[in-house]
Amino acid sequence: MGDSVRPERHREKMKTENRMKKALVAGTGVSGMAAVRLLAREGYKITVVDGSEVSTPAARLFSDMALEVYAHADSASLPVSADFDLAVISPAFASTHPWVKQLREAGVETISELELGSRFWKNRILAVTGSKGKSSIVKFCADALNASGISARCAGNYGLPLTEL
(Lines give C-alpha, C1' and ligand atoms only; values in the text may rest on other atoms or scores of the structure.)
Protein backbone atom coordinates (compact mmCIF):
# COMPACT_ATOMS: atom_id res chain seq x y z
CA MET A 1 0.00 0.00 0.00
CA GLY A 2 2.83 2.46 0.71
CA ASP A 3 5.89 3.39 -1.29
CA SER A 4 9.37 2.03 -0.79
CA VAL A 5 11.19 5.07 0.60
CA ARG A 6 13.42 4.32 3.59
CA PRO A 7 11.51 4.43 6.92
CA GLU A 8 13.96 6.96 8.40
CA ARG A 9 13.07 9.49 5.71
CA HIS A 10 9.33 8.98 6.27
CA ARG A 11 9.70 9.37 10.05
CA GLU A 12 11.77 12.54 9.63
CA LYS A 13 9.44 13.97 6.99
CA MET A 14 6.32 13.17 9.00
CA LYS A 15 7.72 14.82 12.13
CA THR A 16 9.24 17.95 10.57
CA GLU A 17 6.21 18.70 8.43
CA ASN A 18 3.85 18.02 11.31
CA ARG A 19 1.72 21.13 10.98
CA MET A 20 -1.26 19.46 12.65
CA LYS A 21 -1.59 17.03 9.80
CA LYS A 22 -4.88 15.27 9.35
CA ALA A 23 -5.16 11.49 9.28
CA LEU A 24 -8.08 9.21 8.65
CA VAL A 25 -8.10 5.75 10.22
CA ALA A 26 -10.44 3.30 8.49
CA GLY A 27 -11.30 0.49 10.90
CA THR A 28 -11.76 0.40 14.65
CA GLY A 29 -10.29 -3.01 15.45
CA VAL A 30 -6.97 -3.76 17.15
CA SER A 31 -4.82 -2.32 14.35
CA GLY A 32 -7.05 0.74 13.97
CA MET A 33 -6.86 1.54 17.69
CA ALA A 34 -3.07 1.07 17.63
CA ALA A 35 -2.76 3.39 14.61
CA VAL A 36 -4.89 6.02 16.38
CA ARG A 37 -2.63 5.94 19.46
CA LEU A 38 0.56 6.33 17.37
CA LEU A 39 -0.87 9.13 15.23
CA ALA A 40 -2.08 10.94 18.36
CA ARG A 41 1.41 10.72 19.89
CA GLU A 42 2.77 12.23 16.68
CA GLY A 43 0.34 15.17 16.82
CA TYR A 44 -2.13 14.27 14.08
CA LYS A 45 -5.75 15.41 14.00
CA ILE A 46 -7.51 12.06 13.60
CA THR A 47 -10.86 11.06 12.12
CA VAL A 48 -12.03 7.46 12.42
CA VAL A 49 -14.45 5.69 10.10
CA ASP A 50 -15.88 2.19 10.16
CA GLY A 51 -18.73 0.48 8.37
CA SER A 52 -19.73 -1.48 11.46
CA GLU A 53 -20.29 -0.99 15.18
CA VAL A 54 -17.40 0.30 17.28
CA SER A 55 -16.37 -1.97 20.15
CA THR A 56 -16.64 -0.69 23.73
CA PRO A 57 -12.84 -0.41 24.25
CA ALA A 58 -12.47 1.48 20.96
CA ALA A 59 -15.43 3.75 21.74
CA ARG A 60 -13.92 4.56 25.14
CA LEU A 61 -10.51 5.34 23.60
CA PHE A 62 -11.98 7.53 20.88
CA SER A 63 -14.23 9.35 23.37
CA ASP A 64 -11.30 9.99 25.74
CA MET A 65 -9.34 11.43 22.81
CA ALA A 66 -12.33 13.49 21.56
CA LEU A 67 -12.01 12.10 18.03
CA GLU A 68 -14.48 12.42 15.20
CA VAL A 69 -15.89 8.92 14.70
CA TYR A 70 -18.22 7.81 11.91
CA ALA A 71 -19.52 4.28 12.49
CA HIS A 72 -22.20 2.36 10.61
CA ALA A 73 -21.38 4.65 7.72
CA ASP A 74 -22.84 4.12 4.24
CA SER A 75 -20.36 1.88 2.46
CA ALA A 76 -20.91 3.56 -0.92
CA SER A 77 -19.23 6.83 -0.07
CA LEU A 78 -16.83 8.11 2.56
CA PRO A 79 -18.84 9.81 5.36
CA VAL A 80 -16.42 12.77 5.48
CA SER A 81 -14.57 14.79 2.87
CA ALA A 82 -11.34 13.18 1.65
CA ASP A 83 -9.24 16.11 2.91
CA PHE A 84 -6.50 14.16 4.71
CA ASP A 85 -2.72 13.98 4.54
CA LEU A 86 -2.74 10.28 5.28
CA ALA A 87 -5.19 7.39 5.57
CA VAL A 88 -4.40 4.25 7.52
CA ILE A 89 -6.51 1.41 6.17
CA SER A 90 -7.43 -1.58 8.32
CA PRO A 91 -6.85 -5.09 6.94
CA ALA A 92 -10.65 -5.50 6.98
CA PHE A 93 -10.93 -3.06 4.05
CA ALA A 94 -10.13 -4.47 0.60
CA SER A 95 -8.08 -2.24 -1.69
CA THR A 96 -11.18 -2.14 -3.92
CA HIS A 97 -13.44 -0.79 -1.15
CA PRO A 98 -15.24 2.40 -2.30
CA TRP A 99 -13.76 4.46 0.57
CA VAL A 100 -10.21 3.40 -0.32
CA LYS A 101 -10.84 4.23 -3.98
CA GLN A 102 -12.31 7.63 -3.02
CA LEU A 103 -9.27 8.46 -0.86
CA ARG A 104 -6.81 7.46 -3.58
CA GLU A 105 -8.70 9.41 -6.24
CA ALA A 106 -8.47 12.47 -3.96
CA GLY A 107 -4.69 12.01 -3.78
CA VAL A 108 -4.62 10.88 -0.15
CA GLU A 109 -1.73 8.55 0.69
CA THR A 110 -3.23 5.23 1.83
CA ILE A 111 -1.13 2.88 3.93
CA SER A 112 -1.60 -0.06 6.29
CA GLU A 113 -1.07 -0.01 10.05
CA LEU A 114 2.03 -2.13 9.46
CA GLU A 115 3.44 0.49 7.06
CA LEU A 116 2.65 3.25 9.56
CA GLY A 117 4.45 1.35 12.30
CA SER A 118 7.48 0.69 10.12
CA ARG A 119 7.84 4.42 9.45
CA PHE A 120 8.31 5.12 13.15
CA TRP A 121 10.16 1.93 14.19
CA LYS A 122 13.81 2.72 14.87
CA ASN A 123 15.18 -0.84 14.82
CA ARG A 124 15.51 -3.63 12.31
CA ILE A 125 12.50 -5.54 11.04
CA LEU A 126 12.41 -9.20 10.04
CA ALA A 127 9.31 -9.68 7.90
CA VAL A 128 7.68 -12.99 7.02
CA THR A 129 5.26 -13.30 4.11
CA GLY A 130 3.49 -16.20 2.46
CA SER A 131 0.22 -18.04 2.58
CA LYS A 132 0.88 -20.86 5.07
CA GLY A 133 2.90 -21.23 8.25
CA LYS A 134 3.71 -17.56 8.89
CA SER A 135 2.71 -17.58 12.57
CA SER A 136 4.86 -20.63 13.28
CA ILE A 137 7.85 -19.11 11.46
CA VAL A 138 7.41 -15.74 13.19
CA LYS A 139 7.35 -17.40 16.63
CA PHE A 140 10.31 -19.61 15.72
CA CYS A 141 12.37 -16.61 14.51
CA ALA A 142 11.58 -14.55 17.62
CA ASP A 143 12.39 -17.49 19.92
CA ALA A 144 15.65 -18.22 18.06
CA LEU A 145 16.76 -14.59 18.11
CA ASN A 146 15.91 -14.18 21.80
CA ALA A 147 17.71 -17.46 22.65
CA SER A 148 20.82 -16.15 20.89
CA GLY A 149 20.77 -12.94 22.91
CA ILE A 150 19.14 -10.70 20.29
CA SER A 151 16.02 -9.02 21.63
CA ALA A 152 13.06 -9.72 19.34
CA ARG A 153 9.28 -9.26 19.59
CA CYS A 154 6.48 -10.57 17.45
CA ALA A 155 4.33 -7.92 15.82
CA GLY A 156 1.87 -7.62 12.98
CA ASN A 157 -0.71 -10.32 12.48
CA TYR A 158 1.05 -12.34 15.18
CA GLY A 159 1.63 -10.51 18.43
CA LEU A 160 1.06 -6.81 18.94
CA PRO A 161 0.36 -4.37 16.12
CA LEU A 162 3.67 -2.84 15.01
CA THR A 163 2.42 0.61 16.00
CA GLU A 164 2.12 -0.62 19.62
CA LEU A 165 5.85 -1.38 19.99
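Mentor: Contact here means that heavy atoms lie within 4.5 Å, and please keep in mind that this is a predicted model.

Trainee: What makes helix α2 and helix α3 partners in contact, and which residues meet?

Mentor: From α2, the residues M33, V36 and R37 meet P57, A58, L61 and F62 of α3, and contact requires heavy atoms within 4.5 Å. The residues of this contact divide into six nonpolar, no polar and one charged.

Trainee: Why are α2 and α3 called roughly parallel?

Mentor: Helix α2 (residues 30–41) and helix α3 (residues 56–64) pack at an angle of about 15°, with their axes 10 Å apart. Angles under 35 degrees count as roughly parallel, and therefore α2 and α3 are roughly parallel to each other. In passing α3, α2 makes a left-handed crossing.

Trainee: Which residues in α2 are buried, and what covers them?

Mentor: Buried means under 20% relative accessible area, and in α2 this holds for S31, G32, M33, A34, A35, V36, L38 and L39. The elements covering the buried residues of α2 include β1 (22–26), β2 (45–49), α3, β4 (86–89) and α5 (113–120).

Trainee: How do you know that the span of helix α6 agrees with what its residues should give?

Mentor: Helix α6 (residues 134–147) has 14 residues, which at 1.5 Å a residue should span 20 Å, and its end C-alpha atoms are 20 Å apart, so the two agree.

Trainee: What follows α6, and what follows α2?

Mentor: Just after α6 comes G149, with a positive phi of about 95°, while α2 is followed by G43, whose phi is positive, near 85°.

Methods: Residues numbered from 1 in each chain as written. Predicted model: local features only at pLDDT ≥ 70, side-chain atom pairs only at ≥ 80, totals over all residues. Heavy atoms only, no water. Helix = DSSP H or I, 4+ residues; strand = E, 2+ residues; numbered from the N terminus. Expected span 1.5 Å × (residues − 1). Axes fitted to C-alpha atoms, helices over the stretch in contact; angles between N-to-C directions. Parallel < 35°, antiparallel > 145°, perpendicular 65-115°, else oblique. Left-handed = near helix turned anticlockwise from the far one by under 90°. Nonpolar A, V, L, I, M, F, W, Y, C, P; charged D, E, K, R; others polar. Buried < 20%, exposed > 50% of the residue type's maximum accessible area, 1.4 Å probe, protein only.
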